[in-house]
Amino acid sequence: MSKIVRPSEFKPLLFTTTVRNPQRMKALLNILYRFNGQILTDETATVIVCELIRYGLYRPLNICESIKAKWATTPKGGFAERILSDAEVEYIHCHNPQNHKEAGFEKGYPSRFATFFDFAKELGFVYYQSLEPIEFSETGKKMASILSVSSEDDYAAVTEQHPEYEQQAFLQALAKYQRNNPFVRVLNDNVPLILLLQTIKKLNADNEFNNAGISRKELPLLLFWKDNDAEALYRRLRLLRKEYRYNPSDDVIIEICTNEILPDFKKFKPKSIMSEYPDEFIRKMRLTGLISLRGAGRFIDINHNEDERVEYVLSHYSNYQRYTDERAYFDYMATIDDTLFAVSPTVADATQSEQLLNNWVGAYEWKSIKSELNILSSRGKSSKDEVLKFLPQPVRLEFLIALAIKSQLPAVRVIPNYPCDDEGLPTSTAGGVGDRGDIECFERPNGVLVEVTMSEGRIQTTMEIWPITRHLEAFQAKYTPNSQCIFIAPSIFRDSERQIAYVKHTENLTIRPYKIDDFVAYLESGCRLFSQAH
């Protein structure tokens with residue numbers, strides 16, 4: 001592996017073109033951790049990429065019918081339900097040559113390895129060099145252990161054991177992440193999260209503005225910004241608002257970015273500047289837990305539930321040492337900040353959680369809620385909503401189901417258990433902490449526990465039904481014996497239905513399974529949430 005060092009230049013911020021959804025990182029690292037300590041050669045890099053293919057985390061286009069069938073039930077980017085055989089992996093390897101070259105790696109599959117894992121290296125999760133051992137940091141080990149992956153026959157069983165590690169790891173990494181780090185060698189000199197927080201605080205302190213943070217349309221200026229001077233960026237944004245308020249045209253923003261801030265850089269497509277780059281940035285920043293979306297996604301602001309943590313980050317990481325040595329920078333990124341790793345998701349009490357959900361009831365018409373649930377049901381579509389598109393699918397499903405119930409059955413008390421920001425938007429799934437279910441509903445005198453999942457097939461049966469049973473038992477004991485559970489998923493696997501029937505027969509616990517579309521139809525029918533027929 002020969003390494004070519006390119007000259008440094010100023011660039012707009014794009015963290016990665018490969019792992020744009022940061023929540024893919026935990027799955028990729030889970031597989032890579034199996035090679036921790038092994039010497040990285042071109043052959044090892046190729047084997048690792050082939051393992052990503054085996055589990056469906058990387059899905060090349062030229063595939064045979066047996067592979068197509070195994071990948072048909074799950075979306076790209078995540079684990080497939082079924083694991084490929086050695087012969088199927090070899091088929092893909094032979095029929096999908098990689099016309100791809102990354103600095104420091106041979107062309108082909110070794111370079112593909114770099115596209116998947118270089119960002120994890122920048123974040124301090126895993127260190128590697130040619131002919132040296134792959135070395136996971138303690139932060140990287142936590143990321144890799146978020147998921148538990150096992151197999152039975154050719155079926156994969158994936159569970160999220162430590163969801164809290166994800167926010168902890170990304171908060172620490174992005175509090176430190178420097179634009180001009182030695183892995184990327186750009187000339188821009190700032191820590192994007194710090195620059196964002198400082199700029200928002202300055203905008204919010206200005207009495208002439210709306211105290212809602214930075215406009216999404218204004219974000220490209222921050223992404224193009226050359227240094228860490230938040231005061232200068234604030235003044236430029238202030239001038240922009242004086243001229244155009246909060247609605248500058250795309251042409252105005254592009255003109256400022258490409259002719260004023262970075263006049264010597266190559267031109268970008270308007271969509272990249274105004275949509276793709278900001279979207280990727282928001283996804284990364286929201287994963288820290290410090291950022292809220294306001295005004296139907298038009299503004300990015302500080303999550304005031306986390307004001308104390310924001311002040312800690314600003315006081316400890318605003319002044320930073322620059323690094324020119326890759327290993328020294330990695331060690332800095334990898335060093336655990338015990339305060340940031342003590343982060344736990346903010347979960348509102350029942351009254352707050354109910355009120356925060358109620359605040360969203362008028363934000364989406366029933367037609368929109370139904371359309372967004374249909375997107376989740378079909379799996380193949382993407383949300384275009386300026387708020388919902390930033391919520392991972394499992395999180396989005398919990399939020400939309402809670403919103404759907406409250407919208408159609410306003411008399412029902414609906415209490416979601418997911419952690420959320422100060423706007424009431426969930427930051428992760430409920431996760432079943434303390435044997436609590438996803439959404440608790442009360443329709444006097446009855447209780448209905450609502451459990452949702454994006455899992456399908458055998459994974460659904462093995463990973464969902466028994467925890468749901470425990471949650472329903474706890475729900476009955478805490479509230480009322482007149483309780484039942486509604487279980488919602490894109491599809492209901494036949495073995496799940498058998499297991500649900502077994503639970504009814506042996507424990508006399510009622511679990512009512514619905515496909516997403518069927519539950520939408522049930523709500524539209526005008527029936528009560530609690531069903532006397534079961």
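How many bridges pair strand E5 with strand E7, and in which sense do the two strands run? Strand E5 (residues 214-215) and strand E7 (residues 299-302) pair over 2 bridges, in the antiparallel sense. Strands here are DSSP runs of E with at least two residues, helices are runs of H or I with at least four, and both are numbered from the N terminus; two strands pair if DSSP finds at least two bridges between them. The model is a predicted one, with local features needing pLDDT of at least 70 and side-chain atom pairs counting only at pLDDT 80 or more, while totals for chains, interfaces and linings use all residues. Residues are numbered from 1 along each chain as its sequence is written, and side-chain values use heavy atoms, with hydrogens and water left out.

Back at E7, Ile 300 is the bridge partner of Ile 214. E7 also pairs with strand E6 (residues 291-294), again antiparallel, over 4 bridges, and here Ser 292 sits opposite Asp 301. E6 and E7 make a hairpin with 4 residues between them, and in its turn Gly 295 has a positive phi of about 60°.

Further along comes an open sheet of 5 strands, in the order E8-E9-E10-E11-E12 and with mixed pairing. Strand E8 (413-416) and strand E12 (511-515) are its edges, each pairing on one side only. On average, neighbouring strands of this sheet are turned by 20° against each other, direction ignored. Axes are lines fitted to C-alpha atoms (for helices, over the stretch in contact), and angles run from 0 to 180 degrees between N-to-C directions. Inside the sheet, strands E10 (residues 446-452) and E11 (residues 483-489) run parallel and are joined by 6 bridges, with Val 452 opposite Ile 488.

Helix H18 (residues 457-478) packs on this sheet, touching strand E9 (439-443), E10, E11 and E12, and its direction makes about 155° with that of E11. Contact means heavy atoms within 4.5 Å. H18 has a helix partner too: its axis and that of helix H19 (residues 494-507) come within 9 Å and cross at roughly 30°. H18 is therefore roughly parallel to H19, a label for angles under 35 degrees. Among the residues making the contact are Ile 465 and Trp 466 of H18, along with Ile 500 and Val 503 of H19.

Elsewhere, helix H10 (residues 230-244) and helix H11 (residues 250-261) pack at an angle of about 145°, their axes 12 Å apart. Arg 236, Leu 240 and Tyr 244 in H10 meet Val 252, Ile 253, Ile 256 and Glu 260 in H11.

Terms used:
Angles under 35 degrees count as roughly parallel, over 145 as roughly antiparallel, 65 to 115 as roughly perpendicular and the rest as oblique.
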